[in-house]
Amino acid sequence: MKPLSYSRATDVDDALALAAANPASAFLAGGTNEVDLIRAGISQSQHLVDINELPLNAVEDRFDGGLHIGALARMSDVARTPSVVQRYPAISRALLLSASEQLRNMASMGGNLRQRTRCAYLRDGISPCNKREPGSGCAALDGFNRGHAILGTSEHCIATHPSDVAVALVAFDAVVQTLGPRGERALPIDDFFLLPGDTPDAEHPIAHGELIVGIEVPGAHIARRSVYLKFRDRQSYEFALVSVAAAIAVHDGVVADVRLALGGVGTKPWRARRAEAELVGGPADDAAFRRAAAVELEGAVVREHNAFKVELAQRAIVRGLSHILNGRSS
C-alpha cells in the first residue's frame with residue numbers, strides 16, 4: 001500500500017481548504033469503500049481529509065413532511081430513525097438490507113452515494129476497465145457479466161451501481177446538497193449519477209474537493225406505504241441482482257400516483273419513468289403492472305449471462321406494487 005498523508009478537519013471550511021490544497025486528496029468518513037480502493041491500487045488518493053468531526057450527522061424533519069439527512073449520518077442510525085421508518089419505509093428497508101450491522105455502523109450516507117461499482121473487472125487491477133483506465137476497454141462485455149447492467153449501458157461500460165439506499169432515494173426525488181469550489185449546489189439525485197456513455201470514469205458531476213453535506217428528501221405522502229424488495233443469490237448481505245423501490249396511490253381502482261426505481265439492473269440507480277407513465281390513470285391490477293414492467297424493460301440490452309434480469313426485474317416491479325396493495329411491507 002502506498003504512503004498516505006492524513007489531516008483531520010475541524011469544520012466544513014477547514015475540510016474544503018485541506019482538500020483544495022492537494023489535488024490527490026479525498027474525504028474520509030467511514031472509509032468502508034475508499035480504503036478498499038486505495039489498498040487495491042484503484043484510488044489515486046494520496047491525502048485523506050478526515051471529516052468525521054464535522055456537524056453533518058443529523059436527521060431532521062422538514063415542515064412539508066420531508067427529511068434532511070446529514071451526509072455523515074451513519075446508515076444504521078438513519079435506518080432506525082422513527083421519521084424515516086414511518087414516512088419512508090422503503091429507505092429504511094433499503095438501508096437495513098444493504099450491508100452487515102458492522103458496516104452500517106461505519107458507513108456514512110454521503111459515502112454510500114459516492115461508492116464505486118463492485119465490478120470485479122474494475123477491482124482486479126489487471127483486466128481492461130474504462131473506469132479504471134479510460135480507453136483500455138471493458139472486459140465485462142464479453143466476460144462473466146451475470147451481475148452486470150442491462151439498462152443505461154454503453155459499449156464502454158456495463159457495470160451496475162451497487163447502492164441500495166440510492167434506489168429508494170431516486171424513487172422519492174431526493175436532492176444531494178454539496179459545498180465546494182463553486183459554492184453551494186443542490187443536485188437532483190437522478191442527475192447526481194451519470195450514465196457511462198463515452199466517459200464511464202466520470203460517475204458524478206461534482207468537482208475535486210466538493211463535499212456532500214446533506215440529502216434533502218421532499219415530503220411525499222405516497223412514500224408512507226412504500227416497499228423495498230431485494231433479490232439476490234443468497235439471503236445474506238449480498239449485492240442485488242435486482243431490487244425495486246415502489247410506492248403507489250390508488251383512488252377508486254385507478255392509479256393516481258406511482259413511484260418506481262430499480263437497482264441491480266442499471267449503470268445508475270434506475271428511475272422507472274416509462275413504467276410510471278404507463279400506470280398513471282390506468283387500473284391498479286397485476287395485468288397493468290405486468291404491462292408497465294414490460295414497457296420499462298423494452299430498452300434492455302442483455303449480454304451472455306445476464307438476460308435473466310429482464311424477467312426478474314419485471315417480476316420485481318409487479319411484486320413490489322402488489323405487496324403494497326395487499327398490505328405487505330416486505
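Visitor: Where does Asp252 lie?

Guide: Asp252 sits in the loop between strand 10 and strand 11. Helices here are DSSP runs of H or I with at least four residues, strands are runs of E with at least two, and both are numbered from the N terminus. Before we go on, this is a predicted model, so local features need pLDDT of at least 70 and side-chain atom pairs count only at pLDDT 80 or more, while totals for chains, interfaces and linings use all residues. Residues are numbered from 1 along each chain as its sequence is written, and side-chain values use heavy atoms, with hydrogens and water left out.

Visitor: Why is Asp252 called exposed?

Guide: Its relative accessibility is 83%, and exposed means over 50%, buried under 20%, and partly exposed in between (1.4 Å probe, protein chains only). Asp252 therefore counts as exposed.

Visitor: What about the phi of Asp252?

Guide: Most residues other than glycine have a negative phi. Asp252 has a positive phi of about 55 degrees although it is not a glycine. Asp173 is also not a glycine, and its phi is positive at about 60 degrees.

Visitor: Where is Asp173, and why is it called partly exposed?

Guide: Look in the loop between helix 9 (165-171) and strand 6 (175-180). The relative accessible area of Asp173 is 34%, so by the cut-offs above Asp173 is partly exposed.

Visitor: What makes Val78 buried?

Guide: Val78 has 0% relative accessibility, so it counts as buried. This residue belongs to helix 3 (residues 75-80). Leaving aside residues up to four places away in sequence, Val78 touches Val59, Ile69, Ala73, Val84, Leu95 and Met109, where contact means heavy atoms within 4.5 Å.

Visitor: How do you know that strand 10 and strand 11 pair?

Guide: Two strands pair if DSSP finds at least two bridges between them. Strand 10 (residues 242-251) and strand 11 (residues 254-263) have 9 bridges in the antiparallel sense. For instance, Val244 has Leu262 in strand 11 as its bridge partner.

Visitor: What makes strand 9 and strand 12 edge strands?

Guide: The open sheet has 4 strands in the order 9-10-11-12, with antiparallel pairing. Strand 9 (227-231) and strand 12 (270-271) each pair on one side only, and they are the edge strands. Helix 13 (residues 308-325) packs on this sheet, touching strand 9, strand 10 and strand 11.

Visitor: How is the packing of helix 12 and helix 13 described?

Guide: Two packed helices are described by the angle between their axes and the distance between the axes. The axes of helix 12 (residues 286-296) and helix 13 come within 9 Å and cross at roughly 145 degrees. Axes are lines fitted to C-alpha atoms, for helices over the stretch in contact, with angles from 0 to 180 degrees between N-to-C directions. Residues making the contact include Phe289 and Ala293 of helix 12, and Ile317 and Leu321 of helix 13.

Visitor: Why does the radius of gyration agree with a compact globule?

Guide: The rule is 2.2 Å times the number of residues to the power 0.38, with the radius taken over C-alpha atoms. For 330 residues a compact globule would be near 20 Å, and the protein has 20 Å, so the two agree. Buried residues make up 54% of the 330 residues.
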